[in-house]
Amino acid sequence: MNSYKVDFLENELQPIPKPGEAMELSHTKQDLTKEAVSSDPLSTGYNSEDVDNILDVIKMDVDRLVIDPIFQKDEIKDDIIQILYNYDKFTPYKQGFHEICGLIYLELYRDNSNNDKIKIETFNIFTSLMLSVVPNFYIEDNLIGWCISIFNKYLKLTDSALYDFFIKTHKIESQIWLIRWVRLLFMRELGISNTVKILDMFLCFDYDISKLVPFVIIISLIKIKLRLVECEDNGEVLTLLLHYPHKEYSNEEIKELVDLSIKLHKAPENKLGEYGIALNKRFHKGINWEKMKDIDRVRMELRLQRKVRGMLKRK
């Protein structure tokens with residue numbers, strides 16, 4: 001993670017205000033929201049009874065950062081708090097920012113734990129990354145619009161059977177489950193290690209993450225298509241979507257995922273259907289995907305294959 005669009009110097013970062021010190025914060029809890037929300041780390045605002053100011057929220061979130069034991073160290077906590085406190089002057093802090101920031105810091109720390117520039121490098125990479133993440137995924141109306149006009153559109157063009165399966169058969173609106181995927185950039189669905197590798201490739205090659213995110217998700221869904229087919233109701237489907245069965249990918253598998261995402265992003269829209277069939281063939285061999293226009297036919301095909309295998313075993 002060494003390519004970014006902003007280049008602040010460390011002496012430009014303001015220190016964390018000491019207790020009782022006057023703070024010149026750009027946004028307080030009252031500015032961020034007028035409605036009470038839960039303390040879920042993906043919520044978009046704060047209950048007015050929860051905190052006195054945004055710095056308190058940041059400190060509370062950083063105290064709950066458990067993605068790695070290094071975040072139990074006070075000096076590292078202070079680095080993350082200072083980064084988020086300064087970033088708040090550009091964009092109002094939202095819960096979830098701390099996990100993305102922590103992920104970047106962790107990767108730089110693992111590269112070189114003695115890096116005396118780790119704080120400002122994390123700030124610059126985080127700020128660059130969030131240029132496209134915040135407008136698309138952390139502003140409620142924009143997120144809903146993105147789910148409907150961007151994600152749904154490309155899912156339908158790439159794999160119409162999956163689109164019908166979610167939207168028509170099980171009546172599951174994309175925004176219900178996508179919020180987990182996009183606000184933390186797959187961290188919970190694909191795992192920390194995979195997410196770091198994916199973001200590293202996106203940032204190093206200066207890709208607009210928001211434009212590739214839908215295709216990363218669509219490819220990931222196609223990979224578990226046969227498991228989705230076996231779901232009996234929308235509860236089972238949602239459980240699978242919210243608890244994606246990931247494994248740690250090799251560097252080759254990460255490159256494949258990123259390359260395929262870029263290929264779909266660059267493809268003419270009238271070719272996405274062909275690419276979708278090719279992806280189904282790639283991940284699920286032995287099925288004639290050209291004829292599988294809906295999930296019911298896929299389910300019937302799988303049952304037939306199981307029946308045939310059972311008969312052959314008995315022989």
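Predicted model: local features only at pLDDT ≥ 70, side-chain atom pairs only at ≥ 80, totals over all residues.

Q: Which residues does Ile217 touch, not counting residues up to four places away in sequence?
A: Ile217 touches Phe151, Trp177, Leu178, Trp181, Val182 and Phe186. Contact here requires heavy atoms within 4.5 Å. Among these partners, Trp177, Leu178, Trp181 and Val182 are also listed as buried residues of helix H8 (residues 174–183).

Q: What are the remaining buried residues of H8, and what follows the helix?
A: The list of buried residues also includes Ser174 and Arg183. Just after H8, Leu185 takes a positive phi of about 50 degrees.

Q: Why is the pair of Phe8 and Phe123 called edge-to-face?
A: By the rule for ring pairs, the count comes to 17 aromatic pairs. The rings of Phe8 and Phe123 lie 5.4 Å apart, centre to centre, with 85 degrees between the planes.

Q: Why is Phe8 called partly exposed, and why is Phe123 called buried?
A: Phe8 has 25% relative accessibility; buried means under 20% and exposed means over 50%, so Phe8 falls in between. Phe123, at 1%, is under the 20% limit and therefore counts as buried.

Q: Which residues do ring pairs link into a cluster?
A: The cluster consists of Phe137, Trp146, Phe151, Phe165, Phe166, Trp177, Trp181 and Tyr244.

Q: What makes Arg64 and Asp61 a salt bridge?
A: Their closest N and O atoms are 2.6 Å apart. The limit is 4 Å, so the pair qualifies. Arg64 is partly exposed at 41% relative accessible area, whereas Asp61 is buried at 1%. The structure holds 16 salt bridges.

Q: How do you know that Asp63 and Lys77 form a salt bridge, and what does the pair tie together?
A: The closest N and O atoms of Asp63 and Lys77 are 3.2 Å apart, which is within the 4 Å limit. Asp63 lies in helix H2 (residues 54–63) and Lys77 in helix H3 (residues 74–87), so the bridge ties together parts that are 14 residues apart in sequence. Asp63 is partly exposed at 47%, and Lys77 is buried at 14%.

Q: Which parts does the salt bridge of Asp68 and Arg110 tie together?
A: Asp68 lies in the loop between H2 and H3, and Arg110 in helix H4 (residues 97–111), so parts 42 residues apart in sequence are tied together. The N to O distance is 3.2 Å. Asp68 is buried, with a relative accessible area of 14%.

Q: Which residues are linked in a network of salt bridges?
A: Glu10, Asp79 and Lys119 are linked in this way.

Q: What makes Lys223 a charge over the ring of Tyr249?
A: The charged end of Lys223 sits over that ring, 4.5 Å from its centre, which is within the 6 Å limit.

Note on methods. Residues numbered from 1 in each chain as written. Heavy atoms only, no water. Buried < 20%, exposed > 50% of the residue type's maximum accessible area, 1.4 Å probe, protein only. Helix = DSSP H or I, 4+ residues; strand = E, 2+ residues; numbered from the N terminus. Phe/Tyr/Trp six-rings, centres within 6.5 Å; stacked < 30°, edge-to-face > 60°. Lys NZ or Arg CZ within 6 Å of the ring centre and 35° of its normal. Salt bridge = Lys/Arg side-chain N within 4 Å of Asp/Glu carboxyl O.
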